[in-house]
Amino acid sequence: MIIRPYQPEDASALAQIFYDAVHIGTASHYTAAQRRAWAPLRPSAEVWTARLQGLTTFVAATPEPAGFMSLRNDGYLDLAFVAPDQQGRGAGSALHAAILAHARALNLPSLTVEASLAAHRFFLHHGWQDLARQSIARHGEQIENFRMQRFTLQ
């Protein structure tokens, strides 16, 4: 597995990873209605290209994309998804290391994320701390997650 910067031709594969991670990867944590509210449709490559605009995105490739993480310049980890069949194989940890190295290069003192119930334990394992449990309204459903923070020099 290699970790590399996002390339525009990755957009379709990353949109599929996002959709599958929401609908399959979080199935034991969220109801079908909550998952549909979170990701009602698989985003098109064009929509996903626009979604990733302005973010620094790293891709785990095996050689096909297996996961990705995207960071805003203000230290907000906006997206963090691994294909369900690749979870537990090191893609998430490798992507996290790349994001953390990038944040340190930008001299960001800390990072924040809104971690799903499914991702919460992963982030705790990687040195993140809970700030608050919250409930987000989306398409008529309440979706719980955790606001978390990690200091980059830990």
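Guide: A nonpolar core is a set of buried Ala, Val, Leu, Ile, Met, Phe, Trp, Tyr and Cys residues joined through side-chain atoms within 4.5 Å; buried means under 20% relative accessible area, with a 1.4 Å probe and protein chains only. Here the largest nonpolar core has 41 residues, and those touching the most other members are F18, W48, F68, L77, F81, L111 and F123. This is a predicted model: local features need pLDDT of at least 70, side-chain atom pairs count only at pLDDT 80 or more, and totals for chains, interfaces and linings use all residues. Residues are numbered from 1 along each chain as its sequence is written, and side-chain values use heavy atoms, with hydrogens and water left out.

Visitor: Which residues does W48 touch?

Guide: Contact means heavy atoms within 4.5 Å. Leaving aside residues up to four places away in sequence, W48 touches A11, L14, A15, F18, P43, F68 and L79.

Visitor: How many aromatic pairs does the structure hold?

Guide: Rings of Phe, Tyr and Trp (its six-membered ring) pair if their centres lie within 6.5 Å; planes under 30 degrees apart are stacked, over 60 edge-to-face, and the rest tilted. The structure holds 8 such pairs. One of them is F18 with F81, edge-to-face, at 5.1 Å centre to centre and 90 degrees between the planes. F18 sits in helix α1 (residues 11–25) and F81 in strand β4 (residues 76–82), 63 residues apart. Helices (H or I, at least four residues) and strands (E, at least two) are DSSP runs, numbered from the N terminus. Both F18 and F81 are buried.

Visitor: What kind of pair do F68 and F81 form?

Guide: F68 and F81 form a tilted pair, 5.9 Å centre to centre with 35 degrees between the planes. F68 lies in strand β3 (residues 65–71) and F81 in strand β4, so this pair ties together parts 13 residues apart in sequence. F68 is buried, as is F81. Ring pairs join F18, Y30, W38, W48, F68 and F81 into a cluster.

Visitor: At what angle do the axes of α1 and α3 cross?

Guide: Axes are lines fitted to C-alpha atoms, for helices over the stretch in contact, and angles run from 0 to 180 degrees between N-to-C directions. The axes of α1 and helix α3 (residues 45–52) come within 8 Å and cross at roughly 85 degrees. That makes α1 roughly perpendicular to α3, a label for angles of 65 to 115 degrees. The contact is made by A11, S12, L14, A15 and F18 of α1 with A45, W48, T49 and L52 of α3.

Terms used. Buried < 20%, exposed > 50% of the residue type's maximum accessible area, 1.4 Å probe, protein only. Parallel < 35°, antiparallel > 145°, perpendicular 65-115°, else oblique.
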